[in-house]
Amino acid sequence: MGDISSGSNGNGNGNGNGNGVHGNGHYALQGGCRKSCWYEEEIEQDLRWCFALNSILHTGASQYQDIALLDTKPFGKALVIDGKLQSTEIDEFIYHESLVHPALLHHPNPRSIFIMGGGEGSTAREILRHKYVENVVMCDIDEEVVDFCKSYLAVNREAFCDSRLHLVINDARAELEKRGDYFDVIIGDLADPIEGGPCYQLYTKSFYESTVKPRLSEGGIFVTQAGPAGVFSHTEVFSCIYNTIRQVFKYVVPYSAHIPSYADTWGWVMASDSPFTADAEELDARIKQRIKGENRYLDGNTFMSNSILSKGVRKTLAKETQVYTEGTARFIYGHGTAHKSNHHS
């Protein structure tokens, strides 16, 4: 991850431990950054996404990843891991409702769920809203990220305390391979496939075929986040992940949604060897019957709309030939930084 500026003049409330203090120009943190403190993420070589910070709340580093919790002006608290924005409190519900509910709602009776990754706890939170879910195994390789999120993300504290949630610190591949039990739904809430990161090998055909699929129960469903899925960005990894999963499962549904803090449309891929037969009306009936509380984003019509991709994206997916293997991986571009600007206003 790029440098985190936390203000080194003694009166700052950030704590840039281990990530370095990066400063061009002068500003003081009086209970937070002034307008001149920004988070910046390089999306492409010639494209950066910036937003203003109130303060840098916490930073840390594990043996796997760098972690930061930022207080941003437009999106509230934002979790950044390895220089990539993971979620913000204003719009994370879009991502997590989209990741979790389509698979659980299409399954006739999901009781046992396995989460690959998901250390921040939001995926578990959405799963645990399903009244009839009995067992959720959340397997994240990075205990420091999980502990960080337990400590600082108050919105997920109830989920972390739920007796149905079983937290395992392990590599998802190793954990699935050693287990003898089966799951109705397996969810991939993994970090983007950044080269050298801990997750890129968990997007490969061999992993889906030899590790994930054998652990699904009869009629089981697999779903994974699948990277940017915008008109231009979907060729990075979305089309390749889709095509890879299509080699392994009989029925595959790619879908996408716009997430404001990502400055892009995001993609997911849901797959099973049993057909997806529920229409919008049936999905709404299952939402009413199964889910505690009201969704803020997803209902039957929203999912149906999100699973109809735009013309150009559909054409790319239909023509995609590359299969994701450890030898032919595609990677998400870029890292992010939080820094001080030279331009005071």
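**Entry 1: helix H7**

I began with helix H7, residues 238–246, and found it mostly covered, with 8 of its 9 residues buried. The model I am reading is a predicted one. I listed the buried residues of H7: Phe238, Ser239, Cys240, Ile241, Tyr242, Asn243, Thr244 and Ile245.

Next I asked what the buried residues of H7 pack against. I found two helices in the list, H6 (205–212) and H10 (311–319). I also found strands E10 (216–228), E11 (251–259) and E12 (264–272) there.

**Entry 2: H7 against H10**

I noted that two packed helices are described by the angle between their axes and the distance between the axes. For H7 and H10, I read that the axes come within 9 Å and cross at roughly 45 degrees. H7 is therefore oblique to H10. I wrote down the crossing of H7 past H10 as right-handed.

Which residues make this contact? From H7, I have Phe238, Ser239, Tyr242 and Arg246. From H10, I have Val313, Thr316, Leu317 and Ala318. I kept one general point beside this list: an α-helix has 3.6 residues a turn, so residues three or four places apart point the same way.

**Entry 3: the open sheet**

I then turned to the sheet that includes E10, E11 and E12. I counted 7 strands in this open sheet, in the order E8-E7-E6-E9-E10-E12-E11, and the pairing is mixed. Which strands are at the edges? I found E8 (165–169) and E11, each pairing on one side only. Neighbouring strands of the sheet are turned by 15 degrees against each other on average, with direction ignored.

I looked at one pair within the sheet, E9 (residues 183–189) and E10. These two strands run parallel and are joined by 5 bridges. For Gly188, I found the bridge partner Thr224 in E10.

I also checked for helices on the sheet. Helix H3, residues 143–152, packs on the sheet and touches E7 (135–140) and E8. I noted about 140 degrees between the direction of H3 and that of E8. H6 packs on the sheet as well, touching E6 (112–117), E9 and E10. Its direction makes about 155 degrees with that of E10.

I moved to strand E4, residues 76–81, and asked how many of its residues are buried. I got 5 of 6, so I follow the description of E4 as mostly covered.

E4 pairs with strand E3 (residues 66–72) in the antiparallel sense, over 6 bridges. A hairpin of 3 residues joins E3 to E4. I found Gly76 of E4 as the bridge partner of Thr72.

E4 also pairs with strand E5 (residues 84–88), again in the antiparallel sense, over 4 bridges. Here I found Ala78 opposite Thr88 of E5. The hairpin of E4 and E5 has 2 residues between the strands, and in it Asp82 takes a positive phi near 50 degrees.

**Entry 4: the whole protein**

Last, I looked up totals. I counted 10 helices and 13 strands in the protein. Of its 345 residues, 57% count as buried. The protein exposes about 14,400 Å², and carbon and sulfur atoms supply 48% of this area. I took the contacts between residues at least 6 apart in sequence and asked what share joins residues at least 24 apart. That share is 66%.

Terms used:
Residues are numbered from 1 along each chain as its sequence is written. This is a predicted model: local features need pLDDT of at least 70, side-chain atom pairs count only at pLDDT 80 or more; totals for chains, interfaces and linings use all residues. Side-chain values use heavy atoms; hydrogens and water are left out. Buried means under 20% relative accessible area, exposed over 50%, partly exposed in between (1.4 Å probe, protein chains only). Two strands pair if DSSP finds at least two bridges between them. Contact means heavy atoms within 4.5 Å. Accessible areas come from the Shrake-Rupley method with a 1.4 Å probe; for residues, only the protein chains shown count as cover. Axes are lines fitted to C-alpha atoms, for helices over the stretch in contact, and angles run from 0 to 180 degrees between N-to-C directions. Angles under 35 degrees count as roughly parallel, over 145 as roughly antiparallel, 65 to 115 as roughly perpendicular and the rest as oblique. A crossing is left-handed if the near helix is turned anticlockwise from the far one by less than a right angle, and right-handed if clockwise.
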